[in-house]
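Please consult the sequence and the coordinates together while reading.

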Amino acid sequence: MDHAYLGAWMMIAIIFMIVVGTAIYFIPSVIAYSRSAHNFLAIFLLNLFLGWSLVGWLGSLIWALVDDKKEPAPAPFFPAPAPPALTSAPAPIAYCPQCGQSVGPADQFCSHCGHPLQQ
């Protein structure tokens, strides 16, 4: 075999090993991302900066596998309030001719100014 072909195959093998090594290196980050881990960024940073050590890589892998996605606590069950019962039609609004304030339709005097209301 020619030395040029041997050099090309060595270069391909080196690139292949770099790609496979990088994929293995970031397995904890991929797992954390696929599980939507609550602390994905922290797991990724641990994997990125300390993954070269066996302790950092195993720590980030265990953290990615253990960290559960935080779900909101279920709301307590409270029955919906009953709608207000309609006993009668709302009373028509009346106004005092003296001060213009609203008064009840059955009032005889204005509660604001004391003016007698006509019935």
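In which helix does S29 lie? S29 lies in helix α2, and the model in which it is examined here is a predicted one. S29 is buried, because its relative accessible area is 5%, and buried residues are those under 20%. Its side chain makes a polar contact, at 2.9 Å, with the side chain of N47. Apart from neighbours within four places in sequence, the residues in contact with S29 are F40, I43, F44 and N47.

The helix around S29 can be considered next. Helix α2 comprises residues 27-34, and P28, S29 and A32 are buried in it. Seen down the axis of α2, these buried residues fall within an arc of 100°, and they therefore line one face of the helix. The exposed residues V30 and S34 are carried by the face of α2 that is turned away from the buried side. Which elements cover the buried residues of α2? The cover includes α1 (3-25), α3 and α4.

One of these covering elements, α4, contains S60. This residue has its place in helix α4, which spans residues 54-66. Its relative accessibility is 0%, and S60 therefore counts as buried. When neighbours within four places in sequence are left aside, S60 is in contact with P28, I43, L46 and N47. P28 is one of the buried residues of α2, and both I43 and N47 are also among the contacts of S29.

Beyond the end of α2, the backbone deserves attention. S36 follows α2 and is found in the loop between α2 and α3. Most residues other than glycine have a negative phi. With a relative accessible area of 38%, S36 is partly exposed, because this category lies between the limits of 20% for buried and 50% for exposed.

Is F49 buried or exposed? At 57% relative accessibility, F49 counts as exposed, since the limit for that category is over 50%. F49 belongs to a nonpolar surface patch of about 650 Å², which is made by L41, L45, L48, F49, L50 and W52. Helix α3 is also among the elements that cover the buried residues of α2.

I93 is exposed, because its relative accessible area is 62%. I93 and V103 are 10 residues apart in sequence, and their C-alpha atoms are 7.0 Å apart in space.

Between β1 and β2 lies another loop, in which C99 is found. C99 counts as partly exposed because its relative accessibility is 32%. Which residues are in contact with C99, if neighbours within four places in sequence are left aside? They are C110, H112 and C113. C99 and C110 are separated by 11 residues in sequence and by 8.6 Å in space, C-alpha to C-alpha.

D107 is found in the segment after β2 (102-103). At 32% relative accessibility, D107 counts as partly exposed. The side chain of D107 reaches the backbone nitrogen of G104 at 3.0 Å.

The chain as a whole may now be described. In what order do the elements of the chain run from the N terminus? The order is α-α-α-α-β-β, with 4 helices and 2 strands in the chain. Of the 119 residues in the chain, 14% are buried. Among contacts between residues at least 6 apart in sequence, 28% join residues at least 24 apart. The chain exposes about 9800 Å², of which carbon and sulfur atoms supply 71%.

How values were computed
Residues are numbered from 1 along each chain as its sequence is written. This is a predicted model: local features need pLDDT of at least 70, side-chain atom pairs count only at pLDDT 80 or more; totals for chains, interfaces and linings use all residues. Side-chain values use heavy atoms; hydrogens and water are left out. Buried means under 20% relative accessible area, exposed over 50%, partly exposed in between (1.4 Å probe, protein chains only). Contact means heavy atoms within 4.5 Å. A polar contact is a pair of N or O atoms within 3.5 Å; within protein, one must be able to donate a hydrogen and the other to accept it, and residues adjacent in sequence count only if both atoms are side-chain atoms. Patches are made of residues with over 30% relative accessible area and no salt bridge: like charges are joined within 9 Å, nonpolar side chains (Val, Leu, Ile, Met, Phe, Trp, Tyr) within 5 Å. Accessible areas come from the Shrake-Rupley method with a 1.4 Å probe; for residues, only the protein chains shown count as cover. A salt bridge is a side-chain nitrogen of Lys or Arg within 4 Å of a carboxyl oxygen of Asp or Glu. The arc is that of the directions from the helix axis to the C-beta atoms.
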